[in-house]
Amino acid sequence: MPLWYDWFITDMKIALAFYYARSNRFSINALAGALEMRPGLRALDLSFPTEPAELHRGIRAAARSHDRVVVGLSFATPQYAAMRGMISDLRSRYPDIAILAGGPHPTADPASCLRAGCDLAVCGEGEETLAAVLGEMQSGGRARGLPGTAYLDAAGRCLRMRARSSIDLDAYPPFAIRNGKYGPIEITRGCPYGCGFCQTSKLFGRRPRHRKPEVVAHYAAQMVRIGMFDLRVVSPDAFAYGSRDGREVDLAAVRELLARVREAQGPGGRLFFGSMPSEVRPEHVSAQALRLVREYAANDNLTIGAQSGSQRILDACGRGHSVADITRAAALALKAGFKANLDFIFGLPGETEADLARTLALMQRLALMGARIHAHGFMPLPQTRFAGRTPTRLPERMRKALDHMSAAGVLFGQWRTQQGHAARMAGPAGKESI
């Protein structure tokens, strides 16, 4: 492992290459924006290679003109296998570079990333931690031992430092203005539910934090000034915006957000709210909420997190809503003139054929109503309650039913690919039941 953190040279010139793959751009936008606002990082040059060949060219060029070259990787568990190969390749080709890993997988399982060849894992929210790491590197100090990081000691043990406090979203930009890296604006971070299959509550906490309406509007106006008139938002539940606990809806706060953003955008702007890359919880769908979306937003569809048609499975996951809530939400959305896209997860641990039959029956009923099904395969993500659990293998008749719905145009998604990932992740020793 290169001992870059032991070099005591002041004002080192640092080149940071964020690997800007499609799956990680939203995270990189926020991290780069946070670094841009730090005047103390005076000698930091950022680049955003989008494919491996470009990354390799950039590393070689930066090594000729900088004291340190750093590669920043952000990824989730489904991307880990591919990223592990990239990390190994980078380490063998460029032994003197520093490789930093962050995002959902390095946060939940830093040891796997460090043993693959990364020098440091940034765990949890990266806005403050990454700036601290780079500041230490720039001044020639040690980057080991900083809050929010993990590293391997001399014996190969993974040492994880204490977590940092949750950040104030309003204190950081949602994207990198100086480097022209724009995208959706994260309006809420954190989720109170802690569903068994989901990492969000572990990554960002159970207390939701919201960007203030005037702050979101400010950045929406910045986008319009450079000719970007379409704005999408990121939230685990768009209709819970402004809610203190994420469970009780505050539609007055939602209205204020939507109204301020639309005013900031002007007549040429378009706001997309409650559709990808966000979703809404079924019990929070109401006629009033849908009227707000219709009044202020441009999306013709709503993404609703359903997950299962079995109440037993919903309860085991900790979803906090009923099967009836799912049907009611879809009906309300369709009645209001929206296309209803409902997320379902197949292969959840302990799912019986009776559970699957209930889910299939609900999906078919929703499809007859006019809804579409977004199918996902369960993946046992690290640091969740279902980590290490064995995905339930779908019976062939269920697979055929899903294929039939896909051919009919009422089901879409990467569920087969995700199930393949899940089988490899769980391994032979996974637990079977919930």
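This briefing covers strands, helices, cysteines and some backbone features of one structure. The structure is a predicted model, in which local features need pLDDT of at least 70 and side-chain atom pairs count only at pLDDT 80 or more, while totals for chains, interfaces and linings use all residues. Residues are numbered from 1 along each chain as its sequence is written, and side-chain values use heavy atoms, with hydrogens and water left out. Helices (H or I, at least four residues) and strands (E, at least two) are DSSP runs, numbered from the N terminus.

**Strand S14 and its partners**

- Strand S14 (residues 339–346) is largely enclosed by the rest of the structure, because seven of its eight residues are buried. Buried means under 20% relative accessible area, exposed means over 50%, and partly exposed lies in between (1.4 Å probe, protein chains only).
- Strand S13 (residues 301–307) runs parallel to S14, and six bridges join the two. Two strands pair if DSSP finds at least two bridges between them.
- Gln-307 stands opposite Phe-344 of S14.
- S14 also runs parallel to strand S15 (residues 372–377), again with six bridges. Asp-343 has His-374 in S15 as its bridge partner.

**Helices H13 and H14**

- A right-handed β-α-β unit is made by S14, helix H13 (residues 353–369) and S15. A crossover is right-handed if, with the strands pointing away from the viewer, the path from the first strand over the helix to the second runs clockwise.
- The axes of H13 and helix H14 (residues 396–407) come within 11 Å and cross at roughly 15°. H13 is therefore roughly parallel to H14.
- Axes are lines fitted to C-alpha atoms, for helices over the stretch in contact, and angles run from 0 to 180 degrees between N-to-C directions. Angles under 35 degrees count as roughly parallel, over 145 as roughly antiparallel, 65 to 115 as roughly perpendicular and the rest as oblique.

**Two open sheets**

- Val-122 has Thr-149 in S6 as its bridge partner.
- Another open sheet has three strands in the order S8-S11-S12, and its pairing is parallel. Strand S8 (185–186) and strand S12 (270–272) are its edge strands, each pairing on one side only.
- Three bridges link strand S11 (residues 230–234) to S12 in the parallel sense. The partner of Arg-232 in S12 is Phe-272.

**Cysteines**

- The structure holds zero disulfides; a disulfide is a pair of cysteine sulfur atoms within 2.5 Å.
- Cys-113 is in no disulfide, and the nearest cysteine sulfur, that of Cys-118, is 5.6 Å away. Cys-113 has 0% relative accessibility and so counts as buried.
- Cys-198 is in no disulfide either, with the nearest cysteine sulfur, that of Cys-195, 6.2 Å away. Its relative accessibility is 27%, so Cys-198 counts as partly exposed.

**Backbone features**

- A cis peptide bond, with omega about 15°, joins Met-276 and Pro-277. Pro-277 is in the loop between S12 and helix H10 (287–296).
- Gln-307 has a phi near 80°, a positive value in a residue other than glycine. Gln-307 lies in strand S13 and is buried, with a relative accessible area of 6%.
- Gln-383 has a phi near 75°, also a positive value in a residue other than glycine. Gln-383 is in the loop between S15 and H14 and is partly exposed, with a relative accessible area of 30%.
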